[in-house]
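Q: Could you take me through the reading of helix packing and strand pairing, with a model open beside us?

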Amino acid sequence: MKVMRSARVSIAATLTAALMLGAVMIAFAIRSGAEDTPSAPPEKAKIEQFLKKIVASQGGGRIVIDQWRPSPIPGLWEVHYFMDVLGRRKPGVVYISGDKLILGQIIDTTTEKNLTVGLVGQPTKATYRLEDFDLEGRVARGNPAARLTLIEFSDFQCPYCKQLYHTLGTLMTKYPGQVRIYYKHFPLMNLHPLAYTMALAAECAREQKADAFWALHDDFFTNQETGGDANALMIRLKVWAAKNGLNGDALAACVQSRKPADRIEADLRDAKTLGITSTPVVIANGEFIGGAQPLAVYERLLAPPTDAPPPPAPPPPASPAVPSASPSPAH
């Protein structure tokens with residue numbers, strides 16, 4: 001489900017927009033031939049923390065410091081970083097001098113040459129690992145040794161997520177034992193008033209019985225409701241619990257206490273690290289896939305690589321054995 005938000009300043013633009021006054025001052029330093037030496041090397045953790053704050057204020061993403069080195073400008077360090085957002089890795093540069101960080105481009109006013117733009121390459125595809133996500137205590141569906149592992153960010157009231165639910169169900173049926181799914185909650189509360197409560201309910205069901213999480217997950221998508229009647233939801237949960245061998249009163253009490261909220265908040269933090277603002281999103285073997293994509297998108301990831309070497313040729317048929325001549329008797 002797409003989320004409409006007010007226009008926001010691009011993160012990449014914020015981190016690389018020219019601060020003209022600073023650029024001119026630095027250019028004067030070039031012309032003057034200042035002999036200042038760079039301050040002590042910048043602290044990686046400190047820079048990452050600062051850049052993460054900027055990224056978080058712009059909607060999310062992941063910052064990775066690549067390297068730092070003395071810049072051509074006396075007194076400045078050049079810090080190269082990557083910003084991963086929505087499956088794209090965007091390179092960037094900031095400048096550090098002591099405890100001062102400069103967000104901007106350096107322009108030599110004598111030559112009118114931009115000294116920063118050439119340092120930043122083109123965006124590439126970002127990749128992710130299972131270790132990048134909080135999966136503690138998650139009940140995954142599918143074979144632990146599957147060839148394709150999916151981390152799904154979804155919302156129980158999102159109609160596009162329902163489409164993905166059916167697509168992934170078909171995928172698991174068509175490729176038994178080859179797909180494993182981790183589900184992570186990303187309830188869009190401004191669009192779906194009960195999505196957060198339903199996420200709590202699924203986690204509360206899991207606390208009573210591990211496989212109850214996926215049973216309630218399936219029920220929410222199969223019989224999806226996009227309305228906002230909280231009382232009707234609680235009645236539905238109690239009826240569902242009775243049919244599935246769970247304690248309905250305990251399930252309702254767990255939901256009302258918001259006991260598993262920490263787990264949902266951890267999922268929301270992971271979503272922010274990806275820069276997600278809509279559902280569904282899937283991380284498939286490290287690849288970012290946004291939206292309710294068709295089955296073929298996932299089948300591609302299960303296909304053998306196109307550059308795989310051809311199978312070895314069968315050995316040639318064996319030649320008929322030729323009897324060797326008997327050795328001559330010794331004389």
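This is a predicted model: local features need pLDDT of at least 70, side-chain atom pairs count only at pLDDT 80 or more; totals for chains, interfaces and linings use all residues.

Q: At what angle do helix α5 and helix α8 pack, and how far apart are their axes?

A: In general, two packed helices are described by the angle between their axes and by the distance between those axes. Here helix α5 (residues 195–208) and helix α8 (residues 248–257) pack at about 130 degrees, with their axes 9 Å apart. Angles over 145 degrees would count as roughly antiparallel and 65 to 115 as roughly perpendicular, and α5 and α8 are therefore oblique to each other. The crossing in which α5 passes α8 is right-handed.

Q: Which residues of α5 and α8 meet?

A: From α5 come T197, L200, A201, C204, A205, E207 and Q208, which meet A250, L251, C254 and V255 of α8.

Q: In what sense does strand β2 pair with strand β1, and over how many bridges?

A: Strand β1 (residues 62–70) and β2 pair in the antiparallel sense over 8 bridges, and Q67 has H80 in β2 as its bridge partner. The hairpin of β1 and β2 has 6 residues between the strands, and G75 in this hairpin takes a positive phi near 90 degrees.

Q: How does β2 pair with strand β3?

A: β2 and strand β3 (residues 88–97) also pair in the antiparallel sense, over 9 bridges, with V93 in β3 as the bridge partner of H80. In their hairpin, which has 2 residues between the strands, L86 takes a positive phi near 55 degrees.

Q: How many residues of β2 are buried?

A: In a regular strand the side chains alternate between the two faces of the sheet. Strand β2 (residues 77–85) is mostly covered, with 8 of its 9 residues buried.

Methods. Residues are numbered from 1 along each chain as its sequence is written. Side-chain values use heavy atoms; hydrogens and water are left out. Axes are lines fitted to C-alpha atoms, for helices over the stretch in contact, and angles run from 0 to 180 degrees between N-to-C directions. Helices (H or I, at least four residues) and strands (E, at least two) are DSSP runs, numbered from the N terminus. Angles under 35 degrees count as roughly parallel, over 145 as roughly antiparallel, 65 to 115 as roughly perpendicular and the rest as oblique. A crossing is left-handed if the near helix is turned anticlockwise from the far one by less than a right angle, and right-handed if clockwise. Contact means heavy atoms within 4.5 Å. Buried means under 20% relative accessible area, exposed over 50%, partly exposed in between (1.4 Å probe, protein chains only). Two strands pair if DSSP finds at least two bridges between them.
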